[in-house]
Amino acid sequence: MRLRFINFLKRHASLLSLCRAVIRGAMKITYLFPIRQKTMLFSSFGGRNFDDSPRALYEEICRRKEFDDWKLIWAFVEPERFSLPRGEKVRIDSLRFFRTLFTSRVWVSNSCMDRGFELRNPKILRVETWHGTPLKKICGEEHINAVKKNRYVGSKDKTAIRCAQSAYDREILARVLLAEESTFMLCDLPRNDALLRYSDKERAEIRNALGIPKDKKVLLYMPTYREYLLNERKETYLAPPMNLKKWERVLGGEYVILIRAHYAVSAALALTENEFVRNVSSYERLNDLYAVADVLLSDYSSAFIDASILGIPMLCFAYDLEEYKEKRGLYLDLAENLPCPVCKTEDEILDAITHLDKAEASAQTERFRRRFAPYAGNATDAVVDEMQRRLKL
């Protein structure tokens, strides 16, 4: 019911705008609440997960003695699903959540901690890492949003700590988040630091845990979601034109395919798993999947930027490119900017995979990385250092 209500509001932009404006104005009274000086609130993807950059920052904060006496609280949609090594859990959108939200000294999130109402209490330090470089249009710039969101109209934010992977995404995020570019640290995303630290032993252990035979390569397929594709229950779903039996005939002797749906997809592919196909949509650590991937296959996703840090070959399966450009919109011309051909049919992508020149593809990926992810490797330390400086710890 909760997800259906959220999706309903997303499809009715004018109603969403009205709700935002009314609640945003009313919530300014919370700026008068007393702040608990050593309380920090975390959230990842609106409370869906215990992962991504907020988790990387949380784990580093747990290691630093300067935060030993801080209360660390995670907000989850389903708190019972997660176990924390340190701290407390709170159910997101509950009364206790909002009480914690309005009185915590620090917020750490990768989307919006304040449930989209753009609260900017100057007494609260906001750490907003975001969750990837946008190839597709976001935050009200989508074509599908004919009525734009009634966004915050005050002066641009100058106080939050934000992360950018490059000058490219800094420019876009500063505009859509109504923030000064000076609030962005050009340091990549904290979640990506770990990509450069996997050992051969760890990769072997992950492959073994996923049941991947030693003689098979891993094709990681990470399609993004289409918010305009809704089933009879008004849930977003994926329906790529893939005959997986055909894929197995063509690729099964060499590859295993891992399929990872976007976190916003409610109903993914109706997959029948076997030795060739694995559904890893609920696998907890995305970085593990990047670490064992031999080839990344995606479409309009920031996965291209993250995977480029590892230098792996990448391919684009944009079977609905014209529809996606019309209904959602893209910031980049894929053919001109991605380090790979843009394939629109199943036969084209299968041919691209079977004739992949790994050395050349990896070289193209490296050139792509230098443009879109040149700072990867030390974001977690950089962000926590800045937090300590702001907090005078």
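Select Asn110, Ser111, Glu128, Thr129, Trp130, Arg162, Cys163, Leu173, Leu177 and Phe184, which line the largest cavity (on a 1 Å grid over the protein atoms alone, a cavity is a set of points where a 1.4 Å probe fits but cannot get out, and lining residues have an atom within 4 Å of a point). This is a predicted model, in which local features need pLDDT of at least 70 and side-chain atom pairs count only at pLDDT 80 or more, while totals for chains, interfaces and linings use all residues. Residues are numbered from 1 along each chain as its sequence is written, and side-chain values use heavy atoms, with hydrogens and water left out.

The largest cavity has a volume of about 40 Å³, a volume being the space filled by probe spheres set on the points, with grid points joined across faces, edges and corners. Its lining divides into five nonpolar, three polar and two charged residues (Ala, Val, Leu, Ile, Met, Phe, Trp, Tyr, Cys and Pro count as nonpolar, Asp, Glu, Lys and Arg as charged, and the others, Gly among them, as polar).

Stay on Trp130, one of the lining residues, which is found in the loop between β5 (125–128) and β6 (161–164) (helices, H or I of at least four residues, and strands, E of at least two, are DSSP runs numbered from the N terminus). Trp130 has a positive phi of about 60° although it is not a glycine, and with a relative accessible area of 14% it is buried (buried means under 20% relative accessible area, exposed over 50%, and partly exposed in between, with a 1.4 Å probe and protein chains only).

Now select Thr30, Tyr31, Leu101, Phe102, Trp107, Leu119, Asn121 and Ile124, the lining of the second largest cavity, whose volume is about 30 Å³. By class this lining has six nonpolar, two polar and no charged residues. From Phe102, draw a distance to Ile29: the two are 73 residues apart in sequence, yet 9.9 Å apart in space, C-alpha to C-alpha. Ile29 lies in the loop between α2 (13–27) and β1 (36–43) and is exposed, with a relative accessible area of 54%.

Just after α14, Lys392 takes a positive phi of about 60°.

Finally, colour the largest nonpolar core, which has 74 residues, those with the most contacts inside it being Leu219, Trp247, Ile257, Leu258, Leu296 and Phe304 (a nonpolar core is a set of buried Ala, Val, Leu, Ile, Met, Phe, Trp, Tyr and Cys residues joined through side-chain atoms within 4.5 Å). A second, separate core of 26 residues includes Trp74, Phe82, Val108 and Met387.

Methods. 1 Å grid on protein atoms, 1.4 Å probe; cavity = no way out; pocket = protein on both sides within 12 Å on 5 of 7 lines; lining within 4 Å.
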